[in-house]
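The sequence and the model are shown first.

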Amino acid sequence: KTPPCLKNWFPPPLCRGFHRLSQLIFVAPTKFVASMNDVPTGTAPCCSSVRNTFLSPGAAYREAYNEFVFNKAPSRSLSLYDKIPRSPYLWQRGLAAYCAGDYAAAVDQFRYDKEVNGNDGEESLWLFASACKLSPSAKPQAFLSSIPITSYDPRRVIRDSVGLYRAYFENDSGSEREKLLSSFLASFTSPKDIFYADMYLGLLLSSAGSSLVSHSYFNSALATPYAKLSLDKFHARNPQG
């Protein structure tokens with residue numbers, strides 16, 4: 001989902017590598033590093049992202065990606081995304097905001113995204129998680145309205161994740177919650193689905209206030225073959241640092 005006004009700034013390999021949220025930050029191929037050094041800017045050569053004052057929207061977009069993926073600097077990434085005209089397709093800004101701890105900006109971005117693509121289950125899950133972090137004194141159940149009762153996301157693992165969040169937070173029984181989590185994890189076998197299942201289970205537990213336990217699921221997601229081999233790098237990092 002590249003913003004339409006930015007598509008012409010992307011060489012094909014990088015544009016294809018920007019698919020969905022299937023990334024949490026790993027070392028990217030050298031060819032992608034090289035391609036990012038050839039981005040045109042307004043008045044300054046694109047050698048050092050943050051030092052450049054005048055960046056075109058396309059250059060800022062790629063520099064923001066560079067800061068998040070290669071330098072693991074979500075705050076700097078967010079500041080660069082903020083140089084780009086507001087867009088309901090800029091989910092990368094929402095992830096950078098969440099990882100930077102700017103949960104208000106994350107809520108704003110994911111809510112705006114949902115106005116255009118309400119069937120995308122991931123936007124709903126990140127909006128819910130961001131709202132929980134923004135208001136930690138409130139119960140997560142207060143934000144369940146951001147998660148649809150029925151998900152129409154084409155990916156089964158995301159539909160099931162949406163269903164898990166609603167069932168988990170609508171159920172107060174600890175034993176029933178454990179059964180829900182076990183059943184959810186046992187239902188996926190492909191490396192890609194296991195990556196998503198572990199990641200969104202980690203995000204669920206983080207939203208519930210179980211940060212230490214959630215780390216183990218985030219790290220488990222990062223250890224999957226999908227996370228290590230996929231060209232999609234934006235989400236290949238632990239959102240808790």
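The sections below cover the basis of the report, the ring pairs and the charges over rings.

## Basis

This is a predicted model, in which local features need pLDDT of at least 70 and side-chain atom pairs count only at pLDDT 80 or more, while totals for chains, interfaces and linings use all residues. Residues are numbered from 1 along each chain as its sequence is written, and side-chain values use heavy atoms, with hydrogens and water left out.

## Aromatic pairs

Rings of Phe, Tyr and Trp (its six-membered ring) pair if their centres lie within 6.5 Å; planes under 30 degrees apart count as stacked, over 60 as edge-to-face and the rest as tilted. The count by this rule is 14 aromatic pairs. Y65 and F70 are an edge-to-face pair, because their ring centres are 5.9 Å apart and their planes stand at 80 degrees. Y65 is buried at 2% relative accessibility, and F70 is partly exposed at 23% (buried is under 20% relative accessible area, exposed over 50%, partly exposed in between, with a 1.4 Å probe and protein chains only).

Y196 and Y200 form a stacked pair, with 6.3 Å from centre to centre and 5 degrees between the planes. Both belong to helix α10 (residues 191–207), where they are 4 residues apart, so about one helical turn separates them. Helices are DSSP runs (H or I, at least four residues), numbered from the N terminus. Y196 is buried at 3%, and Y200 is buried at 0%.

## Ring cluster

Ring pairs join Y98, Y103, F110, W126, F195, Y196, Y200 and Y226 into a cluster.

## Charges over rings

A charge sits over a ring if NZ of Lys or CZ of Arg is within 6 Å of the ring centre and within 35 degrees of the ring normal. R86 lies over the face of Y112, 3.8 Å from the ring centre. R177 lies over the face of Y168, at 4.3 Å from the ring centre.

Notes: Helix = DSSP H or I, 4+ residues; strand = E, 2+ residues; numbered from the N terminus.
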